[in-house]
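Here is a short briefing on one protein chain. Please keep the sequence and the model in view while reading.

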Amino acid sequence: LSKLYIADYVLDHGSAAEQSLATEMISTSSNAAAQLLYEKYPESIDGTADKYGLLSTRGAERWGYAMTSTYDLAKFLAELIKKDKNSKILQAMKNSTDVAADGYPQDWGTAVLPGVEGSKWGWSDDYQLHSSISFGEDFVVAAAVTGTKDDLTELVQNQLGEVTAKK
């Protein structure tokens, strides 16, 4: 989910082509785009953490090793929504593809909650860690689990009440 932080930074500092790539990176969860943008802007995650006061977020040598928390993700997204409801990041989350650039489905975790308008998903290369963040008209929700995407969906459903998965 550190791609959200990279995208925010690139939307503030990047060229038009880089900004377009950043929004594509969000909607398709493209690792290739994240790699290109983070190589050009290695300060992006730390810069976004400073901008939003995200105390549990920090960059790393490689973007995929950055650290964050569900609290920081929710704080970031809530602030972004307050600042600009028409943000390109929010639009990319609303228009996310059903399948990520690497072929992994994007339809689990917090995305199954009623009223969700947009989501972003994250998973480790070995599929042992899964996380997601979603927003709706009047809420932001983030969750993470050591386990499968189905484990995350079950956690969300158990913690937030009985919900029906998107059809």
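In this predicted model, Gly59 touches Tyr38, Ile45, Asp46 and Ala66, leaving aside residues up to four places away in sequence. The position of Gly59 is in the loop between helix 4 and helix 5.

**Gly59**

- Gly59 counts as partly exposed because its relative accessibility is 22%, and buried would require under 20%.
- Along the chain, Gly59 and Ala49 are 10 residues apart, and 8.9 Å separates their C-alpha atoms.

**Gln19**

- Gln19 belongs to helix 2.
- Is Gln19 buried or exposed? Gln19 has 19% relative accessibility, so this residue counts as buried, the cut-off being under 20%.
- The side chain of Gln19 comes to 2.9 Å from the backbone oxygen of Gly14.
- Not counting residues up to four places away in sequence, the contacts of Gln19 are Val10, Leu11, Gly14 and Lys88.

**Nonpolar cores**

- The largest nonpolar core has 33 residues, and those touching the most other members are Leu4, Ile6, Met25, Phe76, Leu77, Ile89 and Met93.
- At least two residues of this core come from each of helix 1 (2–13), helix 2 (16–28), helix 3 (31–40), helix 4 (44–52), helix 5 (70–83), helix 6 (88–94) and strand 2 (129–136).
- Which element gives this core its largest share? Helix 1 does, with 7 residues.
- Another core, of 12 residues, lies apart from this one, and its members include Tyr104, Trp121, Ala143 and Val156.
- Phe76, listed above for the largest core, touches Leu4, Tyr5, Asp8, Thr48, Tyr52, Leu54 and Ile89, again without residues up to four places away in sequence.

- In general, the strands of a sheet pair through backbone hydrogen bonds, in either a parallel or an antiparallel way.
- How many bridges join strand 1 to strand 2? There are 7, and the two strands run antiparallel.
- Ser119 has Ser134 of strand 2 opposite.

Definitions and conventions. Residues numbered from 1 in each chain as written. Predicted model: local features only at pLDDT ≥ 70, side-chain atom pairs only at ≥ 80, totals over all residues. Heavy atoms only, no water. Core = buried A, V, L, I, M, F, W, Y, C linked by side-chain atoms within 4.5 Å. Buried < 20%, exposed > 50% of the residue type's maximum accessible area, 1.4 Å probe, protein only. Helix = DSSP H or I, 4+ residues; strand = E, 2+ residues; numbered from the N terminus. Contact = heavy atoms within 4.5 Å. Pairing = 2+ DSSP bridges. Polar contact = N/O pair within 3.5 Å; in protein donor to acceptor, adjacent residues only side chain to side chain.
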